[in-house]
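Subject: Structure handover

Hello,

Here is the structure for you to look at.

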Amino acid sequence: MNPVVNHDRIRATAGPSGNQPIGISEYNYANALNSKLIPLSRTKLIHRPPKIHKGKSAVYFTINEEVELAKDCKFTLIGKFSHGRPSIKDIRSDFTARFTLKGQVQIGHCNLKHIFMDFSLEEDYLNIYSRRKLMVLGSLMRLVTWTIDFNPEEETPLTPVWIHLPELKWHYYNWDALLRITYPLGTLLKIYKTTEIKSRSNFAKVLVEIDLSKHMRDSIWVGIRNDEGMECGGFHQPIEYEFV
């Protein structure tokens with residue numbers, strides 16, 4: 001059984017450390033180039049003629065259209081290099097040699113310090129994102145998730161962090177329970193394998209995307225209420241962060 005991931009996500013298999021191949025070899029970048037690439041988005045939009053805005057031609061998208069178009073980028077990562085990056089060709093070759101994916105990835109140019117990485121499977125996306133940083137041909141590349149308002153000139157405080165919940169009560173080893181407990185911390189991305197299969201009872205381990213610009217809580221109150229909404233018990237659940 002593999003780790004559980006968020007938003008009906010495909011289950012993932014790799015842990016958070018090391019550069020060993022992840023998953024079972026089915027595709028790699030070279031395969032993708034020689035076979036079928038991730039197709040261009042086919043999200044259907046209603047045709048609208050252009051308008052005039054301040055004397056110039058203008059086109060408009062609705063908020064709903066923005067959201068629908070962004071769904072095609074939900075498995076996109078941004079690779080950020082601080083002092084320039086290797087060539088796209090060399091990055092692709094290095095990535096292919098080091099990581100084995102279950103799906104496809106397209107690595108593309110953004111600018112001299114950033115690249116786009118579009119994954120066809122969420123499993124691969126999460127396994128790479130959970131590493132946070134990669135050394136690529138001697139250059140450090142930081143991984144950040146793509147958002148609809150991505151601006152390469154701005155830094156993002158969002159980062160994936162493995163979190164421990166020490167001595168969490170056994171019956172809370174459940175996706176929905178962990179989602180609720182970690183909600184004040186950020187976005188739950190996936191559950192580590194030993195937690196999913198309940199093979200380790202001293203702590204639960206989950207991957208959460210957190211905002212480093214905000215206060216990092218060291219505990220969460222887990223309360224119990226009766227049917228009338230009256231609090232009748234609870235406990236403080238400690239929070240521990242890896243590599244922050």
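Predicted model: local features only at pLDDT ≥ 70, side-chain atom pairs only at ≥ 80, totals over all residues.

Residues are numbered from 1 along each chain as its sequence is written, and side-chain values use heavy atoms, with hydrogens and water left out.

**Overall**

The chain has six helices and 13 strands. Both are DSSP runs, numbered from the N terminus: helices are H or I with at least four residues, strands are E with at least two. Of the 244 residues, 39% count as buried. Buried means under 20% relative accessible area, exposed means over 50%, and partly exposed is in between (1.4 Å probe, protein chains only). Contacts here are heavy atoms within 4.5 Å. Among those between residues at least 6 apart in sequence, 67% join residues at least 24 apart.

**Aromatic rings**

The structure holds seven aromatic pairs. Rings of Phe, Tyr and Trp (its six-membered ring) pair if their centres lie within 6.5 Å; planes under 30 degrees apart are stacked, over 60 edge-to-face, the rest tilted.

Take Trp162 and Tyr192. Their ring centres are 5.2 Å apart and their planes sit at 80°, so this pair is edge-to-face. The pair links distant parts of the chain, 30 residues apart. Trp162 is in strand β8 (residues 158–166), while Tyr192 is in the loop between β9 (186–191) and α6 (193–196). Trp162 is buried, at 3% relative accessible area. Tyr192 is partly exposed, at 22%.

Trp170 and Tyr173 also pair. Their centres are 4.8 Å apart and the planes are at 45°, so they count as tilted. Trp170 is partly exposed at 39%; Tyr173 is buried at 9%.

Elsewhere, ring pairs link Phe75, Tyr125 and Tyr129 into a cluster.

Now look at Lys205. Its charged end sits over the ring of Tyr192, 4.2 Å from the centre. Lys205 also lies over the face of Trp162, at 5.1 Å from the ring centre. The test for this is NZ of Lys or CZ of Arg within 6 Å of the ring centre and within 35 degrees of the ring normal.

**Cysteines**

How many disulfides does the structure hold? Zero, taking a disulfide as a pair of cysteine sulfur atoms within 2.5 Å. Cys73 is partly exposed, with a relative accessible area of 24%. Cys232 is exposed, at 55%.

Best wishes
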